[in-house]
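Here is a short briefing to read alongside the sequence and the 3D view.

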Amino acid sequence: MTTFYYGPVINPQSLTDYLALPRCLIRVSAEGDIDRIYEDVQSSQLQEILAQNGYTDLSASNFIELKEGEFLMPGFIDTHTHACQVPNLGVGGEFELLQWLDNYTFPTEARFKDAGYAERAYPDVVQRIVNSGTTTCCYYGSLHLEATKILAKLVHDRGQRAFVGKCNMNRNCPPNYIEPSVNESIDTTLALIKYIEELPKTSNGQPLVHPILTPRFAISCTEELLTRVSEIALKNPKLAIQTHISENPSEVELTKSLFNADSYAQVYERYHLLRNNTILAHGVHLTEDEMVLIAKHGAGVSHCPTSNFYLSSGMARVGMLLDHGVKVGLGTDVAGGYSPSILSTIQHASIASKMLAIQAAQAADKKRNCSRHRHRRDEEVDSESSDEVERHSHGHHGHHGHGHKHHHHEDNCDGDEKKPGGFTNERLSIAALLYLATLGGAHVCCLQDRIGSFAEKKAFDALLVSVRDETGNPGVWGYNITRDLTDGVTAQSADKSMVEWLERFLFCGDDRNIRRVIVQGKMIGGQEYQH
Ligand code: GUN
Ligand code: FE
């Protein structure tokens, strides 16, 4: 049945713009694709437009009118998470990566050898991730074929859009959690790909769950294994690839020495693993040369700031990646990250970008002071270099709906030169954060023609969000008309309230504010979902 949604809609457009449409009408086909968007429909025009669409009797279609304080937005895209690490959420954060893997992660993943455990644990895992508002998820399973098949089937049956891969890992892992041979690793990988490709398609003939090659990271794969994985990749150019890169300094050093390489990215390039459908998690310690290399191959980076803070890995230079033309999306990296919700990732992405901006401003201050001292000491004024130091650079992160643009004004006098995009060392705006969580992630998954924003012919993958007080989230000072009107507050323009609703949701929201999680037009989770 055709469904109409009518009400406030947030629609990401780019890193600098999103649309806030207070009276939008979206027509969704029976297959779950968007077949028409009317951006501004007054309620007085509604009957007429529905009649033009052939609906005089509203009960013949689903007509869903949003309440005040509710809005629709595209679903979140989690470009990096480990399904088999959910049992570890919130433990182990006193370690750094390599010790954390040995002490917490490998033992937890090893339990999935028991398919019965996978049958018991994975339904809860998928349930929690769906209810967090993730409509598309890039999952790492464990190294086990059976358990990962169970995960893929569950995700498929639930109706979540996803990529599911099993880890390739045959060295630097404990004896009870390591693949016994290269052949076994490759055979089980091929078997999982086949199993996922044979899962039923959606009614429009497209797959909802995709296989993905998952060489865990260079350290856990021998050269022979990476060579065999690359053979699969080269034979299947459409097959996506996911792995980790430059997350932690000790990891970077170990990788370079194991592979006798100048850089981490070079190792993956050597095995043909950098291409436009490759998802590289973290990239915290990438050099600019590596960013150039990654951009050249069109690979994307999954930014996982919750994990990067929790495991003391550092702060990825997202602005610089963007200025180099690298695609960027967000990842929870459960359980390196302690939250399955992209909302937490958004909050930490914002804080990481502010911290980088603060550090850059401090470095610039220090440099300026040093050069003043030097000038004084030398009793000469080098006006050219002082101009250089005083140069101001402006960001250009406006956002639609506010009616004005924000201009950032941090001095940029440190070593990190501004690139033409102007994102390096700048705070991420709301528009940018929203983009990274949706359309940016879609680009990283090479699904930008299907998801990430609302557009005709794209799939309707959406969240129905509520910032009404009755959701019970104490962190959201939400829509509460009784309280506000008795306070004598006059109604603000709808556009402005929407911009604030969005911002409150992103920073203070949680699963209580997510009323419906919709994938391909079908409700699959959220507070109103009935099992
Ligand atoms: N590098 C290799 N394996 C992992 C993992 O499971 N999590 C994270 N965060 N980094 C990794
Ligand atoms: Fe990870």
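Axes here are lines fitted to C-alpha atoms, for helices over the stretch in contact, and angles run from 0 to 180 degrees between N-to-C directions. Helices (H or I, at least four residues) and strands (E, at least two) are DSSP runs, numbered from the N terminus. This is a predicted model, where local features need pLDDT of at least 70 and side-chain atom pairs count only at pLDDT 80 or more. Residues are numbered from 1 along each chain as its sequence is written, and side-chain values use heavy atoms, with hydrogens and water left out.

**Helix packing**
- Helix 14 (residues 430-444) and helix 16 (residues 494-508) have axes that come within 11 Å and cross at roughly 60 degrees.
- That angle makes helix 14 oblique to helix 16 (under 35 degrees is roughly parallel, over 145 roughly antiparallel, 65 to 115 roughly perpendicular, the rest oblique).
- Ile 430, Leu 433 and Leu 434 of helix 14 make the contact with Leu 502, Glu 503, Leu 506 and Phe 507 of helix 16 (contact means heavy atoms within 4.5 Å).

**Salt bridges**
- The count comes to 19 salt bridges, each a side-chain nitrogen of Lys or Arg within 4 Å of a carboxyl oxygen of Asp or Glu.
- Glu 253 and Lys 256 form one at 3.8 Å, N to O; being three residues apart in helix 7 (residues 249-259), they are separated by about one helical turn.
- Glu 528 meets Arg 515 at 3.7 Å, N to O, and Arg 516 at 2.9 Å, N to O.

Conventions. Chains lettered and ligands numbered in written order.
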